[in-house]
Amino acid sequence: MRRCLPRLCRPQNVRTPLGDLLAAEINKTGPIPFARFMDEAMRHPELGYFTTKTKVIGTDADFITAPELLPEFGYCIARWLCLGYEKVTGASGVSEGDADLSNAPPFTLIEVGPGTGRLMYQVLAYLKYGIGESFLRKVHLRMVEVSPVMRRQQEAILKDYLPLLGSAQWSDTVNGAVKSRLADNDTLPGSFPTFVMSNEYFDVLPVHVLRRVPAPGGGGKWVEELVGCRSAGDGEAAEFEFAPASEHDDESKFVKELLITEELREGEVGDRREVSPEAIDAFLEMASIVDRTGGMILAIDYGRDAPSAHTIQGMHKQVQCSPLLSPGMIDISWHVDFAMARDHVISAFNSLHMTSAVPQHEFLRALGIDGFIKQRRQQGILPDQLQKRYDMLMSPSGMGGWHRAVAICKKELYPPPGF
């Protein structure tokens, strides 16, 4: 899974400026939704996790992601892109590196939540050396990133490739990225294809926690669990905790907004459900682009085709911990409910199909990761470390199984590459 290398020493709750702010608000006005707590902890403009920490990803940081383990992960994503480009545009031979690219149409490549920029670096390296530098000129790159710290890292790692592209820009939103692309050249046709990719983006979007409680007239209802705060002594860290849900609470508004099928609304008293309106909105925003322009979407994340419950966790220096510790210092994530996302996408767009969630190890094998690894073995490059990292990436009981891939494309282009 994303959070690798578990250790025995648990992080301690320490006092943070953001913790003081949240504690003061809760003590004044009462408990807040966990989604609000998570959003502030991760994205507060001055005190949040992604806006203050200079290094969050890597073997010596809070967590490690697939592109940091093996460049072959990025090569597989690049191959998915090339095969998808062939399907969408009708071009042939691109994925094999033997196509005449002189008349190949340009396209937009969007990465949402690019992290360190290493995944895009690997994708562009594959396109340059595996397909041809002329193909890079067809790429109009859009990086969707809200953190100034992460943007600087991405610009630094991609600096040698940016001059080779058709264009490159950073944006705060997915649709903002598309609008900036269209502004570059008003003559581009509406069918100009757009490919959107993300790796471990949805699992850090704010999530609400619902609890099934008895309803006054019998049966049950979904109400929201909130985050409260125990009083702390002078100079001590605030202690945050979930406030128990009550049958006297109103049913959550997210039941009507997100639990749009009878299957999603079902549950037994005592059940817990984790739902993210922002994640659903992000899927719909990406899908609207493909619906308009053509192209494909690829998302890899921890998650499954089932409701999420009891999956929220904190991570500090690669040690799992409570997500309520030390706001602004702890990474918080959850497991994405791909089934809910699919219901919303299919309901909103008759022209699109969203795949079932495929385990990462199956997806990468379908795109030839074993062939890439074989080439490295033949070159004698770090064989011992290579095997260890390959096992971490591909183990069905680790990242290979916990992480799942989904894709969205036009119905006539189904199945997308790798599925």
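**Salt bridges and a strand hairpin**

At 47% relative accessibility, Arg-230 comes out as partly exposed; buried here stands for under 20% relative accessible area, exposed for over 50%, and partly exposed for anything in between, using a 1.4 Å probe on protein chains only. The model is a predicted one, in which local features need pLDDT of at least 70 and side-chain atom pairs count only at pLDDT 80 or more, while totals for chains, interfaces and linings use all residues. Residues are numbered from 1 along each chain as its sequence is written, and side-chain values rest on heavy atoms, with hydrogens and water left out.

Arg-230 has a partner: its side chain meets that of Glu-241 in a salt bridge, at 2.9 Å from N to O. This pair links distant parts of the chain, since Arg-230 sits in strand β8 and Glu-241 in strand β9 (residues 239-243), eleven residues apart. Helices (H or I, at least four residues) and strands (E, at least two) are DSSP runs, numbered from the N terminus. Glu-241, with 31% relative accessibility, also counts as partly exposed. Elsewhere, salt bridges with shared partners join Glu-25, Arg-36 and Glu-40 into one network.

In total, the structure holds 16 salt bridges, a salt bridge being a side-chain nitrogen of Lys or Arg within 4 Å of a carboxyl oxygen of Asp or Glu. One of them brings together the side chains of Arg-376 and Glu-72, at 2.7 Å from N to O. Arg-376 belongs to helix α15 (residues 369-379) and Glu-72 to helix α5 (residues 71-89), so this pair ties together parts that are 304 residues apart in sequence. Arg-376 counts as buried at 17% relative accessibility, and Glu-72 counts as buried at 2%.

Then there is the hairpin. Strands β6 (residues 208-214) and β7 pair in the antiparallel sense over five bridges; two strands pair if DSSP finds at least two bridges between them. Five residues lie between β6 and β7 in this hairpin, and Gly-218 in the turn has a positive phi of about 105 degrees. Across the pairing, Leu-210 stands opposite Glu-224 in β7. Strand β7 (residues 220-224) is mostly covered, with four of its five residues buried.

A salt bridge turns up here too: Arg-211 forms one with Glu-225, the closest N and O atoms being 3.0 Å apart. Arg-211 is in strand β6 and Glu-225 in the loop between β7 and β8 (226-230), 14 residues apart, and the pair links these distant parts of the chain. Glu-225 is buried, with a relative accessible area of 6%.
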